[in-house]
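Please have the sequence and the 3D view open as you read.

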There are 2 protein chains.
Amino acid sequence: MARSPTNPLAEDIYARVKDDIFDFRLLPGQRFTETEMAQRYGVSRTPVRDALYRLKREGFLDVAFRSGWSVQPLDFELFDELYDMRIVLETAAIERLCHCEDVSALEPLARVWLAGSAERCRDPREVSGLDEAFHIGLVELAGNRQMARVHRELTEKIRVVRRLRFPEAFAHRNDL
Amino acid sequence: MARSPTNPLAEDIYARVKDDIFDFRLLPGQRFTETEMAQRYGVSRTPVRDALYRLKREGFLDVAFRSGWSVQPLDFELFDELYDMRIVLETAAIERLCHCEDVSALEPLARVWLAGSAERCRDPREVSGLDEAFHIGLVELAGNRQMARVHRELTEKIRVVRRLRFPEAFAHRNDL
DNA sequence: GTAGATTTGTACGTATGTATA
DNA sequence: CTATACATACGTACAAATCTA
């Protein structure tokens, strides 16, 4: 029995808006309204609001009382802090993995990370995805699911600036 | 110009529901509906839903598709993981504070922590609050606001189980 | 298995505060 | 300064899925 997701529409809008931010179809600082978004995605304002408020709580968007929404501008101090915390969490994860007897769990990660130059993937977008998965997988293996969750959220927040540094990775951002 | 809060009603309901959880007026595992909560707080379902979904994202509540809400049951593995991560974050914070030249910023914390037995506060509820503030203040002083935010959220999630261990602290939970 | 009651999910209408001509 | 347009915050109505007798 596959239980239904809780807010299918709102969930979908959430993912689409977030991707629009990551792919710079919504630019940092850009302003917009709930009605615009509702028309853009072909739904009512209700699921849009759910999605927008969730993205606001996660730091991707900003809203002013009865005065419209905006994409959170790039804040490099913020990114510094996020990178800094990522180091803290990953260091703690690695320390725990070092004290672990069974290293076989590291195998799948090693296979990706130690890929020979022949089998190495060249698409920057995919490389970036593999890199994210590697970091996330490392922390997951340490066994603390809360640390893994925070680390995953944190990695997502950094994603936008990582893409800025690999411009070729999203050269096809207008494909969709 | 003091800018208005964004969703005054929803914000208020959010705080009240959270306190109801902390003070065990809403018990772990207890089920309820949006309509009940709307009547309980004298508002419509809209701000209630905003508040409930926020608390769900933060792990305090659970919702099943068209089938009602429930307070997240106590999960001691979860609390172990949260305590564990708290140690990681506070250790990192302390390491940074140790490398810091200027220790004068620690003064206010020391004054609370090193209170003489005479001036020591005896109300367990207040002691608990001071303890939380001490831990939070410590991490804040380390200067990474994101780490401080995560640590603060994490401390809130632990609060309910801390109160379980200090039952006398909320003996008057029916006062209100 | 089915019908009815229940509950959320979404759409839509109204009120209130904001910005601007 | 005032009035008007506009955007969100909240309330309400309805649809769809779930539970239960």
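Which side chain meets that of Glu81(A) in a salt bridge? The partner is Arg145(B), at 2.9 Å from N to O; a salt bridge here is a side-chain nitrogen of Lys or Arg within 4 Å of a carboxyl oxygen of Asp or Glu. Before going further, note that this is a predicted model, in which local features need pLDDT of at least 70 and side-chain atom pairs count only at pLDDT 80 or more, while totals for chains, interfaces and linings use all residues. Residues are numbered from 1 along each chain as its sequence is written, chains are lettered from A and ligands numbered from 1 in the order in which they are written, and side-chain values use heavy atoms, with hydrogens and water left out.

Let's stay with the two chains for a moment. Across the interface of chain A and chain B there are 6 salt bridges, along with 14 residue pairs in polar contact, both residues at pLDDT 80 or more. (A polar contact is a pair of N or O atoms within 3.5 Å; within protein, one must be able to donate a hydrogen and the other to accept it, and residues adjacent in sequence count only if both atoms are side-chain atoms.) On the side of chain A that touches chain B, helices H3 (45–57), H4 (76–98) and H7 (145–165) of chain A each supply at least two residues. The largest share, 10 residues, comes from H4(A). By class, that side has 13 nonpolar, 6 polar and 13 charged residues, where Ala, Val, Leu, Ile, Met, Phe, Trp, Tyr, Cys and Pro count as nonpolar, Asp, Glu, Lys and Arg as charged, and the others, Gly among them, as polar.

In all, 32 residues of chain A and 31 residues of chain B take part in the contact, meaning heavy atoms within 4.5 Å. The two chains bury about 2600 Å² between them, with 50% from carbon and sulfur atoms; buried area is the accessible area (1.4 Å probe) that two parts lose on being put together, summed over both. In chain A, the residues that lose the most area to chain B are Thr6(A), Phe65(A) and Glu81(A), together 22% of what that side buries.

Now turn to chain A itself. Its elements are 7 helices and 3 strands, taken as DSSP runs numbered from the N terminus (helices H or I, at least four residues; strands E, at least two). The strands form an open antiparallel sheet in the order E1-E3-E2, pairing being assigned if DSSP finds at least two bridges between two strands. E1 (31–32) and E2 (61–63) of chain A are the edge strands. E2(A) pairs with E3(A), residues 69–71, over 3 bridges, and Asp62(A) stands opposite Ser70(A).

Chain A is also divided into domain 1 (8–71) and domain 2 (76–165), with bounds from an automatic or database domain assignment. These domains bury about 650 Å² between them, 60% of it on carbon and sulfur atoms. On the domain 1 side, Phe22(A), Phe24(A) and Phe60(A) lose the most area to domain 2, together 64% of what that side buries. Across this interface there are 2 salt bridges; Asp23(A) and Arg163(A) meet in a salt bridge at 2.5 Å, N to O.
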